[in-house]
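Reader: I would like to learn how to read a structure, one feature at a time. Please begin with the terms.

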Amino acid sequence: MENKQPSFYEEVRGDGISRKDFLKFCATMAAFLGLESSGIGQIVKALETKPRLPVIWFHFQECTCCSESFIRASHPIVANIVLDKISLDYQETLMAASGFQAEEAYKSVMAKHPGEYIVMVEGSIPIENEAYCCIGGRSALQILEEAVKNAKAVVAWGNCASAGCVQAASPNPTGAQPVHKVISGKPVINVQGCPPIADVMAGVVVHLLTFDRIPQLDELGRPKAFYSRRVHDTCYRRANFDAGLFVESFDDEGAKRGYCLYKMGCKGPVTYNSCGIIKWNDGISYPIQSGHPCIGCSEAGFWDNGPFYQHLPSIAGFGIETTADKIGLGLGVATAVGIAGHAIVTNIRKHREITNAPEPSSESETPKVL
Amino acid sequence: MRIRSIPMREVHVWEFPVRLYHWINALCITTLCITGFLIGNPLAFMKGTEAYLNYWFGTVRFIHFVSAFTFFFNFIFRIYWGFVGNEFSRWYNFIPLKRCQWKEIMDVIKVDVLQVTNKQIDSIGHNSLASLIYFITFLIFLLQCLTGFGMYSAMSNAFLPKLFAWIVPFLGGDMHVRQIHHILMWGFILFAFVHVYLVFYHDYIERRGVTSSMIGGWKFIEEDVIERHENKSEDCPKT
């Protein structure tokens with residue numbers, strides 16, 4: 001009995017959380033995951049009975065904002081579920097162990113739970129020169145490849161691990177790559193965002209725990225429950241968009257009235273996330289509600305599709321802040337000049353054709369131009 | 001008074017379906033470009049009103065989508081007509097696979113683009129260079145449909161747009177798809193300018209009535225050209 005892993009429920013009860021709060025958490029998660037009401041029972045049962053999930057959590061090229069997002073989750077169970085209650089045997093930021101002990105910790109997880117543990121990754125992996133990110137004398141790529149070999153699944157937290165984020169932005173000096181580009185043969189769940197919403201992270205973990213399989217993913221590997229709709233489609237300012245009411249500067253009347261931020265460069269129409277529904281900081285607000293356009297942080301390459309405050313992105317290779325419209329207009333002018341030149345030459349040619357045409361019988365002078 | 005007497009005959013070049021396609025296409029492209037521009041950079045002409053009282057931008061987008069569907073099916077119809085229509089509308093005119101087509105492309109560049117030589121171009125329908133340009137515009141049509149329906153698929157459960165949903169992850173997200181869609185729109189605009197100019201140019205120089213041919217379908221063609229056209233060897237498409 002000594003070695004039996006306590007279940008998640010036993011853990012949170014031990015921390016003084018009431019059964020009522022526990023059930024509230026389960027119901028919230030079921031709603032986030034889009035389950036029917038019977039799903040709540042499944043979650044309750046799983047969290048009550050199943051042993052904790054063995055997890056190895058790596059930090060590669062990143063800023064730790066994914067972990068920060070999690071720590072800041074105000075609902076205690078949400079934070080607990082990843083930080084305390086899953087068997088987080090190796091987490092570079094939070095674990096007490098260091099050096100040899102830390103290395104031992106994650107090796108023991110791999111040895112004890114082959115095929116069962118989950119690898120969670122924050123950060124991108126440098127490929128151009130692996131030396132840019134080394135831990136304990138080994139490169140990020142070597143560590144990841146070894147850990148993934150016997151893993152059940154891989155969770156890529158945030159934009160870095162899912163799409164490379166700022167490190168992979170042009171010119172990408174380290175050759176940073178997201179997790180799914182460097183490993184193969186294992187399911188990778190891309191939990192997008194910079195950082196992802198804490199409740200979304202918890203939702204993914206609860207899903208893994210409850211159903212023992214990865215959630216339904218979209219074509220880009222993101223859980224459909226959270227990333228199937230655009231920020232734009234769930235935006236409470238959407239009515240202003242359809243009405244054609246736009247903010248044109250941050251201090252104009254439209255901004256005060258809460259008009260649509262489309263013209264301020266809002267990337268909501270091209271960004272898939274649940275900010276508009278789950279919101280941030282325990283559902284208090286999200287960027288658009290606070291009057292700021294969405295920057296599209298859960299989309300691949302959002303750094304290279306800037307500026308943030310401009311609707312149409314700049315085009316790389318044409319200098320900073322050159323949009324397709326400026327280039328198009330330039331080409332339009334060039335075309336007009338070409339047409340004008342061509343028309344002049346055409347008229348000279350036509351004139352010659354007329355004057356050189358043989359004049360049958362008639363001797364009249366002054367040829368009429370057609 | 002200058003009078004020319006050139007033996008000419010009228011040739012029925014553009015069948016009614018081709019002409020119908022052309023004008024529906026022209027209308028759609030004009031509508032799509034105007035509404036597309038507005039969608040990319042909407043006019044914020046309304047202030048101090050409430051959202052529930054207005055819907056003009058939604059209407060602009062609705063017009064864009066309806067025109068897009070019309071454009072798409074019109075395009076599909078034209079591809080079909082490329083297999084069943086008359087010799088001037090057939091698909092093989094548009095893809096220069098034959099040596100004589102390339103020869104004519106070089107001729108057209110010399111005669112009509114650079115205007116360094118003065119020689120008659122025999123084509124009764126499109127000349128080979130024009131056909132090649134139309135083939136490129138067909139490819140742009142296709143890309144525009146792919147990117148457009150790809151973006152549209154996120155807000156639709158209909159069968160047709162869902163067929164294009166794969167294009168978004170393929171291109172790495174909506175941001176890239178939207179950018180490509182916007183750049184290609186400029187291809188349409190530049191094409192339209194040059195196209196209209198060249199119609200005027202050819203009518204002006206060749207005097208075969210090319211402008212009205214897209215209304216009535218008939219062109220005036222010199223008899224010797226028709227004769228050469230009918231004697232052309234089989235290995236070269238009769239254009």
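Author: Helices (H or I, at least four residues) and strands (E, at least two) are DSSP runs, numbered from the N terminus. With that, α10(A) can be named, and the residue after α10(A) is Asp212(A), with a positive phi near 60 degrees. This is a predicted model, in which local features need pLDDT of at least 70 and side-chain atom pairs count only at pLDDT 80 or more, while totals for chains, interfaces and linings use all residues. Residues are numbered from 1 along each chain as its sequence is written, and chains are lettered from A and ligands numbered from 1 in the order in which they are written.

Reader: How many residues does α10 of chain A have, and what does it reach from its first C-alpha to its last?

Author: The expected span of a helix is 1.5 Å times one less than its number of residues. Helix α10 of chain A covers residues 198–211, which is 14 residues, and reaches 20 Å, close to the expected 20 Å.

Reader: Is α10(A) enclosed or exposed?

Author: A residue is buried if 20 or more other C-beta atoms lie within 10 Å of its own, exposed if 12 or fewer, and partly exposed in between, with C-beta atoms placed from the backbone. In α10(A), 13 of the 14 residues are buried, so the helix is largely enclosed by the rest of the structure. For chain B as a whole, 23% of its 239 residues count as buried.

Reader: What elements does chain B have, and in which order do they run?

Author: Chain B has nine helices and two strands. From the N terminus on, the order is β-α-α-α-α-α-α-α-α-β-α. The C-alpha trace of chain B spans about 70 × 45 × 35 Å along its principal axes.

Reader: How many residues of chain B are in contact with chain A?

Author: Two residues are in contact if their C-beta atoms, placed from the backbone, lie within 7 Å. By that rule, 41 residues of chain B are in contact with 44 residues of chain A. On the chain B side, α7(B) gives the most, with 15 residues. For classes, Ala, Val, Leu, Ile, Met, Phe, Trp, Tyr, Cys and Pro count as nonpolar, Asp, Glu, Lys and Arg as charged, and the others, Gly among them, as polar. The side of chain B that touches chain A has 25 nonpolar, 11 polar and five charged residues.

Reader: At what angle do α14 of chain A and α7(B) pack?

Author: Axes are lines fitted to C-alpha atoms, for helices over the stretch in contact, and angles run from 0 to 180 degrees between N-to-C directions. Helix α14 of chain A (residues 324–356) packs against α7(B) at about 10 degrees, with the axes 10 Å apart. Angles under 35 degrees count as roughly parallel, over 145 as roughly antiparallel, 65 to 115 as roughly perpendicular and the rest as oblique. The two helices, α14(A) and α7(B), are therefore roughly parallel to each other. Residues making the contact include Leu331(A) and Ile339(A) of α14(A), and Trp186(B) and Phe193(B) of α7(B).

Reader: Which backbone angles deserve a look?

Author: Most residues other than glycine have a negative phi, and most peptide bonds are trans. The bond from Ser170(A) to Pro171(A) is cis, with omega near 5 degrees, and Pro171(A) is in the loop between α8 and β8 of chain A. Asn172(A) is in that loop too, with a positive phi of about 50 degrees although it is not a glycine. Asn172(A) has 17 C-beta neighbours inside 10 Å, so it counts as partly exposed.
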